[in-house]
Amino acid sequence: MSKKKKILILCGMVALLVLTGCLNYFLNRPSTEDAGAEGAVVYTDYFTASHNDRAASRSETVMYYEAIIDSETASAEAKANAESSLAALVANMETEQRLESLIKALGYEDCLVTCGTENINIIVKSSALTDGQVAQMLDIVLSETDKVAGNVRIKSIEA
């Protein structure tokens, strides 16, 4: 292949890369119609998108573990690991659901909770949080889980 053809192919690939980046930006940019007084960008579908993404991801993970458990060729150790991982995932899912329900009961329109091995992250739909509101959510987490206060992160966003 001649040097000229290689340069043309490389330029074409760079142009496609730039086009992909531009499309990604314009198709995924946040809505600025509801920007606040300070010009803060408001993500109108944050909670719905996050809940849907989490559900899809969890569904795939559960199917993956179930495929290992049901596999005739998987070793006993792999099946045992898959069963324990699936049980831990289900326990996390139940904890997240319970915490989200209890936090929404405090009067928040929407809430997203993610539980990791050590941390719990809470995002609530609110313009701002007072110390009292944070304390209420922290109390719920500490009473419903075995996590310590230092491993709980609470954030509010306007959505």
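**Reading a predicted model: Arg 54 and its surroundings**

In this predicted model, Arg 54 touches Glu 96, Glu 100, Leu 112, Val 113 and Thr 114, leaving aside residues up to four places away in sequence.

Me: Why is Arg 54 called buried?
Reply: The relative accessible area of Arg 54 is 17%, and buried means under 20%, so Arg 54, whose place is in helix 2, counts as buried.

Me: How do you know that the span of helix 3 agrees with its 29 residues?
Reply: The expected span is 1.5 Å times one less than the number of residues, which for helix 3 (residues 76–104) should give 42 Å, and because the end C-alpha atoms are 42 Å apart, the two values agree.

Me: Which elements do the buried residues of helix 3 pack against?
Reply: These residues, among them Glu 96 and Glu 100, pack against helix 2 (46–70), strand 1 (111–115), strand 2 (120–125) and helix 4 (131–144).

Me: What makes strand 1 largely enclosed by the rest of the structure?
Reply: Four of the five residues of strand 1 are buried, and therefore the strand is described as largely enclosed. Cys 111 has a relative accessible area of 0% and Cys 115 has 11%; the cut-off is under 20%, so Cys 111 is buried and so is Cys 115.

Me: How is strand 1 joined to strand 2?
Reply: The two strands run antiparallel and are joined by five bridges, with Cys 111 standing opposite Val 124 of strand 2, while a hairpin connects strand 1 to strand 2 through four residues.

Me: How many disulfides does the structure hold?
Reply: The structure holds zero disulfides, where a disulfide would need a pair of cysteine sulfur atoms within 2.5 Å.

Methods. Residues are numbered from 1 along each chain as its sequence is written. This is a predicted model: local features need pLDDT of at least 70, side-chain atom pairs count only at pLDDT 80 or more; totals for chains, interfaces and linings use all residues. Side-chain values use heavy atoms; hydrogens and water are left out. Buried means under 20% relative accessible area, exposed over 50%, partly exposed in between (1.4 Å probe, protein chains only). Contact means heavy atoms within 4.5 Å. Two strands pair if DSSP finds at least two bridges between them.
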